[in-house]
Amino acid sequence: MRYAGFLLVILLSNIIQGITGFAGTILAMPPSLMLVGYDTAKPVLNVLGLLSGIYVYAGHRKQVNWAEFKKIVAVMAVGIVGGIFLKGFFAEKEQVLYQLLGFFVIVLSVQGIWKVQKEKEESGQGDGNTLGGGGNTSPALYLLLVPAGIVHGIFVSGGPLLIGYLTKRIRDKVSFRATISTVWVVLNTIILLDDIRSGLWNPELMKIQVISVPFLLAGMVIGSRLFAKMSQRLFMMITYVLLFISGISLLVK
């Protein structure tokens, strides 16, 4: 039953991933940690994030903002190395990791809900298919990318912090989704190599990974179809509400 629940989480979270290009892993991680534990959830969700990035990139590679992509990968890769190093300090202390992630998720979800609502009030019109900000060149923005890399290195969930950077740089939702998905292809590959080095992969984990892929693909197909029909703003709001619920569930675990 635990693994059946894990597969259902993968399906539902990747519907959101197919729409937004970033929320699948951060939504899936809290319930997955509770269902199957860190040593299964983290490597499996990492590979699924990698595959979902390839899926989006394959259909929208012409919309990738390569200038932003290069900056993000260069800075976040450094953060990922730091996250992998810090992860070792929490060996045998998974409960602390869960609570830290829960707090992190709640803060980001509340901030995100406030931001989406504020943008709605400020715009007053439009179809919701562009993102607020765009073109902001403040050097302070780059400070978001290092902690994004650290969080991604530990939880494969650096997307929300990267969103804080990317929404200030790219307004078009198609380019936004294509760029962030391409970032995950590179960064999740780095994490996959470290998981292999750490000895996390074994026959049982590989079997779970293979079984999970059809659920990923089903979620991405459904999400991609919804993406073409519905407002980005609506789905961002849904995503942040789900994040808040997930964060609460981790804190009370």
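Me: Lys-87, buried or exposed?
Reply: Buried. Its relative accessible area is 14%, and the cut-off for buried is under 20%. Keep in mind that this is a predicted model.

Me: Where does Lys-87 sit?
Reply: In helix H4, which covers residues 66–87.

Me: Which residues is Lys-87 in contact with, leaving aside its neighbours within four places in sequence?
Reply: Tyr-38, Lys-42, Ile-154, Asp-194 and Asp-195.

Me: And Val-151? How many Å separate its C-alpha atom from that of Lys-87?
Reply: The separation is 9.8 Å. Along the chain, Lys-87 and Val-151 are 64 residues apart.

Me: New topic, rings. How many aromatic pairs are there?
Reply: Two aromatic pairs. One of them joins Tyr-57 and Trp-66. That pair is edge-to-face, with 6.3 Å from centre to centre and 80° between the planes.

Me: What about Trp-66 and Phe-69, why is that pair edge-to-face?
Reply: Because the planes of Trp-66 and Phe-69 are at 80°, and over 60 degrees counts as edge-to-face. The ring centres of Trp-66 and Phe-69 are 5.2 Å apart.

Me: Where do Trp-66 and Phe-69 lie?
Reply: Both are in helix H4. They are three residues apart there, about one turn of the helix.

Me: Which residues do the ring pairs link into a cluster?
Reply: Tyr-57, Trp-66 and Phe-69.

Me: Phe-69, buried or exposed?
Reply: Phe-69 is buried, at 11% relative accessible area.

Me: Switching to the record. Which residues does the UniProt "transmembrane region" annotation cover?
Reply: According to the unreviewed UniProt entry, residues 6–29, 72–90, 97–114, 140–162, 174–193, 205–227 and 234–252.

Me: Take residues 174–193. What is the chain there, helix or strand?
Reply: It is 100% helix and 0% strand over residues 174–193. The end C-alpha atoms of that stretch are 29 Å apart.

Me: And how far apart are the end C-alpha atoms over residues 205–227?
Reply: They are 31 Å apart. The chain over residues 205–227 is 100% helix, with 0% strand.

Notes:
Residues are numbered from 1 along each chain as its sequence is written. This is a predicted model: local features need pLDDT of at least 70, side-chain atom pairs count only at pLDDT 80 or more; totals for chains, interfaces and linings use all residues. Side-chain values use heavy atoms; hydrogens and water are left out. Helices (H or I, at least four residues) and strands (E, at least two) are DSSP runs, numbered from the N terminus. Buried means under 20% relative accessible area, exposed over 50%, partly exposed in between (1.4 Å probe, protein chains only). Contact means heavy atoms within 4.5 Å. Rings of Phe, Tyr and Trp (its six-membered ring) pair if their centres lie within 6.5 Å; planes under 30 degrees apart count as stacked, over 60 as edge-to-face and the rest as tilted. UniProt positions are given in the numbering used here, feature names are shortened, and annotations may be inferred rather than shown by experiment.
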